[in-house]
Amino acid sequence: MKKYLALILTLIFIVGVFSGCGEKDDKGSVYYLNFKPEQDSAWQQLAKDYTDQTGVEVKVVTAAQGTYEQTLLTEIDKDEAPTLFQVNGTIGLESWKDYCLDLSDTSVYKQLVSDDFALKEGNKVYAVAYVYEAFGLITNKKLLKKAGYNIEEINSFAKLKQVAEDITKRKKELGFSAFTSSSLSSSSGWRFSGHLANMPLFFEFEEDNIKGQPSKIKGTYLKNFKNIWDLYINNSTIEPKTITSDQHDATAEFKNEKAVFYQNGTWEYDNVKSVGDENLGFLPIFIGVNEEKQGLCSGTENYWAVNSQASEQDIKATLDFLDWVVTSDKGTTALAQKMGFVSPFKNAKKVNNVLSNIMSDYVENGNYSVTWVFSVTPNVDVWRNDLIDALAEYTAGNGSWKLVEEAFVKGWENQYKASKQ
């Protein structure tokens, strides 16, 4: 009898152990491959908060700047692949559609304020935007006033040029420059190969009524691109010959009031708010085209997708996590207050971000937004890197602007062909 009792107790113990393991597995886990390095610490804390509250493991890995696509390619085929990742608009979706779960019947999709923020094909929802942002010229109004100008009078490229060149003439007297450094280093070059390059692309696409991704571009407004680039490099805190150095820190220059203008976006607010909200302004990037009622460059390339190849448990865990992020007090507070995101979700909180509020003011005042055309760039990393090389040769090596034109126009055609092979 004792022998049978011992056997029964052993079986109960074994069943209990395996049942416990099953319950743990049933919870699933989340692996988020984050696109934005500047929000890494906030995501790490949010993941910890969710794990503490639910017991579900949430791992956040942040790809280095400019390496997201390659990192995702490496990670997606691993046994423990990301369950949550990002696609960059319609072109990015083409590459990752087979891994994108249909979100049409999920809470995170139903929380969107508009279908304008979803990547859809027919009734299928492949990804949802999680932030709406803008970039332009972050401006120190206090320094601008010290130089004798008000931000309201800068409403064209001609006026911006006049102000910048006047500040440069009086640089020693004033104690600051017009523009922060325009470094083409790996940590800064995206501001120009992506965001500044968006300006001539946008106006060409508008003029030619281009939708989607064209196989070729003409470079209609590359002269305007040259004009704004020359204005940057000839009126900044650094000598043009040092343009490729990774020693320059434009954020620090702006924070330390070494320059009036800093090309960057709403996401940079936490890094520059020390100059004081009352001193922060936000100007469009004027390049001399259709400047009346021009607004900021507003849009998104940031869409969440859930890995359809993940296990059922991990998919459920990921969807539950996303629902918590966009509906709970802790999640919505983190998105708005810690990350500074203007999020397109029904429960989104208002941000304590002067730059984001100015973005909204432009829209409310009837200014048109310069949309993010760069999101359709073919083989985006290669195209941008080639453009940076050409800009560097032109700027630091006294090369010809034709190098930039070739990288821009011929490079687009070449990378389009390469992307279709």
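The points below take up charged pairs and then aromatic rings.

1. This is a predicted model, and the contacts discussed here should be read with that in mind. The structure holds 21 salt bridges, of which a few are taken up individually in the next points.

2. Asp105 forms a salt bridge with Lys110, with 3.2 Å between the closest N and O atoms. Asp105 counts as exposed because its relative accessibility is 63%, where exposed requires over 50%, whereas Lys110, at 45% relative accessibility, counts as partly exposed.

3. Lys142 is joined to Glu257 by a salt bridge in which the closest N and O atoms are 3.1 Å apart. Because Lys142 belongs to helix α6 (residues 141-146) and Glu257 to the loop between α12 (250-255) and β8 (259-265), this pair ties together parts that are 115 residues apart in sequence. Lys142 counts as partly exposed at 41% relative accessibility, and Glu257 is partly exposed too, with a relative accessible area of 23%.

4. Within helix α7 (residues 157-169), Glu165 and Lys161 lie four residues apart, about one turn of the helix, and their side chains meet in a salt bridge with an N to O distance of 2.9 Å. Glu165 is partly exposed at 30% relative accessibility, and Lys161 is partly exposed at 33%. Elsewhere, salt bridges that share partners join Lys216, Lys410, Glu413 and Lys417 into one network.

5. Turning to the rings, the structure holds 30 aromatic pairs. Tyr68 counts as buried, at 4% relative accessibility.

6. Phe202 and Tyr368 form a stacked aromatic pair, with 6.4 Å from centre to centre and 10° between the planes. Since Phe202 lies in helix α10 (residues 198-208) and Tyr368 in strand β12 (residues 368-370), the pair ties together parts that are 166 residues apart in sequence. Phe202 counts as buried at 4% relative accessibility, while Tyr368 is partly exposed, with a relative accessible area of 22%.

7. Ring pairs also link Phe205, Phe225, Trp383, Tyr394, Trp401, Phe408 and Trp412 into a cluster. A contact between a charge and a ring is found where the charged end of Lys59 sits over the ring of Tyr31, 4.2 Å from its centre.

Technical notes:
Residues are numbered from 1 along each chain as its sequence is written. This is a predicted model: local features need pLDDT of at least 70, side-chain atom pairs count only at pLDDT 80 or more; totals for chains, interfaces and linings use all residues. Side-chain values use heavy atoms; hydrogens and water are left out. A salt bridge is a side-chain nitrogen of Lys or Arg within 4 Å of a carboxyl oxygen of Asp or Glu. Buried means under 20% relative accessible area, exposed over 50%, partly exposed in between (1.4 Å probe, protein chains only). Helices (H or I, at least four residues) and strands (E, at least two) are DSSP runs, numbered from the N terminus. Rings of Phe, Tyr and Trp (its six-membered ring) pair if their centres lie within 6.5 Å; planes under 30 degrees apart count as stacked, over 60 as edge-to-face and the rest as tilted. A charge sits over a ring if NZ of Lys or CZ of Arg is within 6 Å of the ring centre and within 35 degrees of the ring normal.
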